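Welcome! Take a look at the molecule below, then try the exercises one at a time before reading each solution.

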Amino acid sequence: TFEWQTAIDGDIADGVSYVVWVSTDSLFGIYTATETDDTVLALFDPLAMGATYYWKVKAVDLFGGTTWSSETYRVVTPTLTCCLRRGDFDRNGGISVSDVTSMVNFLFKGGPAAVCDEEADVDYSGGISVSDLTFLVNYVFKGGLVPPACPS
């Protein structure tokens with residue numbers, strides 16, 4: 001939802017409407033424009049997660065006079081994680097031998113990837129590798145360190 005202050009028009013009986021520009025480009029090379037008579041705009045389509053958006057408002061009176069907002073505003077949407085439980089490669093609800101088997105199949109036999117790469121990155125190194133498999137084997141079979149928690 002975008003919100004701004006009402007534009008003041010000195011002309012008697014002159015109404016003001018607004019055009020809101022939203023873009024991922026601070027120079028607005030490509031943008032979407034939405035017209036409204038209100039000073040609040042609720043978007044019907046959600047903004048993409050993990051992105052930066054810029055927006056500005058143009059006030060337009062009945063006689064075609066226009067005034068742009070004094071600044072361009074910036075919104076940064078949060079990045080959501082897909083990780084539920086690090087080490088649960090097959091997402092069966094727990095960390096077990098089936099996760100070790102799924103990771104071996106993925107790493108050495110071209111088997112299916114994890115639903116979420118963050119879950120398969122058991123040692124939290126930034127990628128899925130043999131070190132993740134070693135960490136997982138150590139945890140499952142030897143009581144090694146518990147895989148780190150997923151980011152919140």
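## Exercise 1: A lysine and its surroundings

Leaving aside its neighbours within four places in sequence, K56 is in contact with V19, V20, W21, F28, W68, S69, E71 and T72; contact here means heavy atoms within 4.5 Å. The structure is a predicted model, in which local features need pLDDT of at least 70 and side-chain atom pairs count only at pLDDT 80 or more, while totals for chains, interfaces and linings use all residues. Residues are numbered from 1 along each chain as its sequence is written, and side-chain values use heavy atoms, with hydrogens and water left out.

Task: find the strand that holds K56, and say which side chain of opposite charge is nearest to K56.

Solution, step by step:

1. K56 sits in strand β5, residues 52-61. Strands (E, at least two residues) and helices (H or I, at least four) are DSSP runs, numbered from the N terminus.
2. K56 is buried. The classes are buried for under 20% relative accessible area, exposed for over 50%, and partly exposed in between, with a 1.4 Å probe and protein chains only.
3. For charges, Lys and Arg count as positive and Asp and Glu as negative, while His and the chain ends are not counted. A salt bridge needs a side-chain nitrogen of Lys or Arg within 4 Å of a carboxyl oxygen of Asp or Glu.
4. K56 does lie over the face of W68, 4.8 Å from the ring centre. The rule for a charge over a ring is NZ of Lys or CZ of Arg within 6 Å of the ring centre and within 35 degrees of the ring normal.
5. Look also at F28, one of the contacts of K56. F28 is in the loop between β2 and β3 (32-36), and has a positive phi of about 60° although it is not a glycine. With a relative accessible area of 6%, F28 is buried.

## Exercise 2: Pairs of rings

Task: describe how the rings of W21 and W68 are arranged, and how W4 and Y18 are placed.

Solution, step by step:

1. Start with the total: the structure holds eight aromatic pairs. Rings of Phe, Tyr and Trp (its six-membered ring) pair if their centres lie within 6.5 Å; planes under 30 degrees apart count as stacked, over 60 as edge-to-face and the rest as tilted.
2. W4 and Y18 are edge-to-face, with 5.5 Å from centre to centre and 70° between the planes. This pair links distant parts of the chain, 14 residues apart: W4 is in the loop between β1 (2-3) and β2 (16-23), and Y18 in strand β2.
3. W4 is buried at 12% relative accessible area, and Y18 is buried at 3%.
4. W21 and W68 are also edge-to-face, with centres 4.8 Å apart and 75° between the planes. W21 belongs to strand β2 and W68 to strand β6 (residues 66-68), 47 residues apart.
5. W21 is buried at 15%, whereas W68 is partly exposed at 34%.
6. Finally, ring pairs link F2, W4, Y18, W55 and Y73 into a cluster.

## Exercise 3: Cysteine links

Task: which cysteine is joined to C82, and which to C83?

Solution, step by step:

1. The count comes to two disulfides, each a pair of cysteine sulfur atoms within 2.5 Å.
2. C82 is joined to C116, with S to S at 1.9 Å. With 75° about the S-S bond, this link is right-handed.
3. C82 is partly exposed at 36%, but C116 is buried at 0%.
4. C83 is joined to C150, with S to S at 1.9 Å. The torsion about the S-S bond of C83 and C150 is about -50°, so this disulfide is left-handed.
5. Both C83 and C150 are buried.
6. Counting bonded cysteines along the chain, the pattern is 1-3, 2-4.
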